[in-house]
Amino acid sequence: MSARNCTRRDFLRRCAGAAGGFALSKCALGAGGLVLSNQALKVRIGSRPNIVLIVSDDQGYGDASCYDHPKEVNTPSIDRLAAEGVRLTNGYASGYICAPTRAGLLTGRYQQRFGFYTGGHSRVGVPLNEITIADLLKKEGYATGVFGKWHVGLDYDYRPLQRGFDEFYGFLGHGAHDYFDLKMEGTEEHNWIYRNNTPINDTGYLTQNLTREAVSFIEHHSKEPFFCYLPFNAVHWPLQALPEDIKHFDTGNESRDIYMAMVECMDEGVGEVLNALKRTGVEDNTLVFFFSDNGGAKKNFANNGALRDFKHSVYEGGIHVPFIVKWPAKLAKGSVCPEPTISLDIFPTILSAVGASLPGDRIYDGKDMLPALLGENTKPLHDVLFWFDGENKWAVRAGRWKLLSENGPVELYDLEADISETKDLSASNPAKVAELQSLYDEWNSQLAPPIS
Ligand SMILES: [Ca+2]
């Protein structure tokens, strides 16, 4: 079989057989004179990956059983993702609460660059001169759908169908939504369930409805490239679960039992999405991302494992999250990547995977994760990562070192030695404090005035 007449899938299968599923580029160089670049293959054969982006909401680092977890946690579908893909152990969200992380995710840029610092009053949207990943994928000919919590704009021009998505089922904001009351009557507009641009009445349990809609979208678009964005509001407050699921748990804490039941239902949704990819024959060439939009919430009885603190914090418990990437055609199964990565990286990684370029008219902070996921990067993906809530909490991570301020004097931690941030080394290492402070100040000077 020559390179000219083999399908991309055949080629990738051969690569997987020859090289244990490792990089296409390596395989291409070593496979008997095949010299097509990844990009050339895409152009010639035209088989671009589908993209599935699943976001959980306020899920703790210890609330997925493929990470260190308490015994009551059991997430077989998220574990399946990890077993079939790459599990990140230093994956971060770009915000410690919902809306800022989503604004960064959809634009590939630190959300502070366009003034999006907090959840605020949840009316503010991503500015209209920002380009969303859906805008770009739509331009590339992808079918685009979002099913879940939008939370980056309530006004008409800021809603999903005006920001690059063909289809929408879900709610616009704020952060929380009742899981059972899906009727318009008696609720405020921001809580209405929308299908596309039209509010509707619905019944059911919201997590299951979002799963249903995402699965239907995949089934309808399996013959063309698609982008399925599934931002569950699970497992965000309020604590509401299906009674039959709550019975599966007996932790001695009724609230924790409900929360675990919410995790279970969301995990089942992840499983149904994975099954839909398999059933429609597109699993091999579908790039799946899964991560939590911020750390677990104390109010929700979440568990962040060894990480300090919770949502609303720049300690690790607020920003260090479960994060998994799966792409059977390209990435090794069951691998672990310790490279510090951030949710902003998803944007350029998608563009790299589909063979599209980043717009050249603005700064992008996210990086293509694929070399790190393949274990091929020879230097850190990021020299430095930043967090800032626009007020008094900020952090900077460079390699093993993290400097932060949580409403007070700076603290310095060596994350490789002390992931739980128990030993503040700022007094004993003033040179490192000064170095990181300088990096942070330089970044901070580039940021826009707050719009939220
Ligand atoms: Ca959240």
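How are α4 and α9 oriented to each other? The axes of helix α4 (residues 76-84) and α9 lie 7 Å apart and meet at an angle of about 50 degrees, and the pair is therefore oblique. Axes here are lines fitted to C-alpha atoms, for helices over the stretch in contact, with angles running from 0 to 180 degrees between N-to-C directions. Angles under 35 degrees count as roughly parallel, over 145 as roughly antiparallel, 65 to 115 as roughly perpendicular, and the rest as oblique. On the α4 side the contact uses Pro76, Ser77, Ile78, Arg80 and Leu81, and on the α9 side Asp267, Glu268, Val270, Gly271 and Leu274. Two residues are in contact if their C-beta atoms, placed from the backbone, lie within 7 Å.

The model is a predicted one, so local features need pLDDT of at least 70 and side-chain atom pairs count only at pLDDT 80 or more, while totals for chains, interfaces and linings use all residues. Residues are numbered from 1 along each chain as its sequence is written.

Now for the overall picture. The protein chain holds 13 helices and 16 strands, which are DSSP runs numbered from the N terminus (helices H or I, at least four residues; strands E, at least two). Of its 452 residues, 51% are buried. Buried means 20 or more other C-beta atoms within 10 Å of a residue's own, exposed means 12 or fewer, and partly exposed is in between, with C-beta atoms placed from the backbone. Among contacts between residues at least 6 apart in sequence, 65% join residues at least 24 apart.

The largest nonpolar core contains 122 residues, and Ile54, Leu230, Met262 and Val273 have the most contacts inside it. Helix α9 (residues 254-279) supplies the largest share of this core, 13 residues. At least three core residues come from each of domain 2 (50-373) and domain 3 (385-444), with bounds taken from an automatic or database domain assignment. A nonpolar core is a set of buried Ala, Val, Leu, Ile, Met, Phe, Trp, Tyr and Cys residues joined through C-beta atoms within 7 Å. Beyond its neighbours within four places in sequence, Met262 touches Ala234, Val235 and Ala241.

Helix α7 (residues 206-221) is another partner of α9. Their axes come within 9 Å and cross at roughly 10 degrees, which makes α7 roughly parallel to α9. Residues of α7 including Leu210, Ala214 and Ile218 meet a set in α9 that includes Met266, Val273 and Leu277. The buried residues of α7 include Leu206, Phe217 and His221, and what covers the buried ones includes β4 (143-149), β5 (167-171), β8 (226-231) and α9. Val215 sits in α7 and is buried, with 21 other C-beta atoms within 10 Å. Setting aside neighbours within four places in sequence, Val215 contacts Glu272, Val273 and Ala276.

The peptide bond from Gly173 to His174 is cis, with omega near 10 degrees, and so is the one from Trp237 to Pro238, with omega near 5 degrees. Pro238 is in the loop between β8 and α8 (243-246). Asp58, in the loop between β1 (50-56) and α4, has a positive phi near 65 degrees without being a glycine, and counts as buried with 29 C-beta neighbours inside 10 Å. Glu421 also has a positive phi, of about 50 degrees.
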